[in-house]
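Open the model in a viewer and keep the selection panel at hand. The stops below go from the whole chain down to single residues.

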Amino acid sequence: MVGILLITHAPLGRAFIEAVTHVYKDPPEKLEALDVIADQDPGEVRRLASEAIARINDGSGVLVLTDMIGATPANCTQSLCVSGEIEVIAGVSLPMLLRAISYRNNTLETLIEMALTGGQKGVCRVAAKI
């Protein structure tokens, strides 16, 4: 099972896990959040992320989801990437995360495609009733 690590601005990662737990009634296995606080040392973030990856990687790989490209949480993920083993997607949303959890028994590459599709299809305009 592919592990999923959320690296986000605090308290977003924990909030995503709470929302997922609400949907599934229990927290999913091999899902962790690293909530980055203001002015946290990037070296510390990378160290904590590496430790989390080691905990949730059963050999199937890890998908790291981060909130926003260009900010500290995302900037700390690039050095973690190992093609085919540890992959990163920026722009996490609840639809993306739920889709990723649903497909995590597939390959990491399939999981990436499903997560991206979930994120894209989860964005839509809600029209007013006429």
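What does the accessible surface of the chain come to, and what share of it belongs to carbon and sulfur atoms? The accessible surface is about 7,300 Å², with 54% of it belonging to carbon and sulfur atoms. Keep in mind throughout that this is a predicted model.

**Whole chain**

Show the C-alpha trace first. Along the principal axes, the C-alpha atoms fill a box of roughly 55 × 35 × 25 Å. The radius of gyration is 14 Å, which agrees with the value near 14 Å that a compact globule of 130 residues would have. Buried residues account for 42% of the 130 residues. Of the contacts between residues at least 6 apart in sequence, 71% join residues at least 24 apart.

Now colour by secondary structure. The chain has 5 helices and 4 strands, and from the N terminus on the order is β-α-β-α-β-α-β-α-α.

In soluble globular proteins, nonpolar side chains tend to be buried together. Select Ile-4, Leu-6, Leu-31, Leu-63, Leu-65, Ile-89 and Leu-97: within the largest nonpolar core, which has 20 residues, these touch the most other members. Two or more residues of this core come from each of strand 1 (3-9), helix 1 (12-24), strand 2 (31-36), strand 3 (62-66), helix 4 (94-102) and helix 5 (108-121).

Centre the view on Leu-6. Leaving out residues up to four places away in sequence, Leu-6 touches Gly-13, Phe-16 and Ile-17, then Leu-31, Glu-32, Ala-33 and Leu-34, and also Leu-65, Val-92 and Leu-97.

**Strand 1: Thr-8**

Select Thr-8, which is found in strand 1. Is Thr-8 buried or exposed? Its relative accessible area is 0%, so Thr-8 is buried. Beyond its neighbours within four places in sequence, Thr-8 is in contact with Gly-13, Leu-34, Asp-35, Val-36, Leu-65, Asp-67, Pro-73 and Val-92.

**The loop into helix 1**

Move on to Pro-11, in the loop between strand 1 and helix 1. Check the peptide bond joining Ala-10 and Pro-11: it is cis, with omega about 0°.

**Helix 1**

Select helix 1 and look along its axis. The helix has 13 residues and reaches 18 Å from its first C-alpha to its last, close to the 18 Å expected at 1.5 Å a residue. Which residues of helix 1 are buried? They are Gly-13, Phe-16, Ile-17 and Val-20. These cover an arc of only 100° around the axis, so they sit on the same side of helix 1. An α-helix has 3.6 residues a turn, so residues three or four places apart point the same way.

Display what lies over that side: the cover of the buried residues of helix 1 includes strand 1, strand 2 and helix 4. Then turn to the face away from the buried side, which carries the exposed residues Glu-18 and His-22.

**Positive phi values**

Lys-25 follows helix 1 and has a positive phi, near 75°.

Lys-30 is in the loop between helix 1 and strand 2. Its phi is near 55°, positive although the residue is not glycine. With a relative accessible area of 26%, Lys-30 is partly exposed.

Asp-39 is in the loop between strand 2 and helix 2. Phi of Asp-39 is near 65°, again positive in a residue other than glycine. Asp-39 counts as exposed because its relative accessibility is 83%, where the cut-off for exposed is over 50%.

**Helix 2: Val-45**

Finish at Val-45, in helix 2 (residues 42-56). Its relative accessibility is 1%, so Val-45 counts as buried. Which residues does Val-45 touch, not counting residues up to four places away in sequence? They are Ile-7, Leu-34, Val-36, Gln-40 and Cys-76.

Notes
Residues are numbered from 1 along each chain as its sequence is written. This is a predicted model: local features need pLDDT of at least 70, side-chain atom pairs count only at pLDDT 80 or more; totals for chains, interfaces and linings use all residues. Side-chain values use heavy atoms; hydrogens and water are left out. Buried means under 20% relative accessible area, exposed over 50%, partly exposed in between (1.4 Å probe, protein chains only). Contact means heavy atoms within 4.5 Å. A nonpolar core is a set of buried Ala, Val, Leu, Ile, Met, Phe, Trp, Tyr and Cys residues joined through side-chain atoms within 4.5 Å. The expected span of a helix is 1.5 Å times one less than its number of residues. The arc is that of the directions from the helix axis to the C-beta atoms. The radius of gyration is taken over C-alpha atoms; the globule rule is 2.2 Å times the number of residues to the power 0.38. Accessible areas come from the Shrake-Rupley method with a 1.4 Å probe; for residues, only the protein chains shown count as cover.
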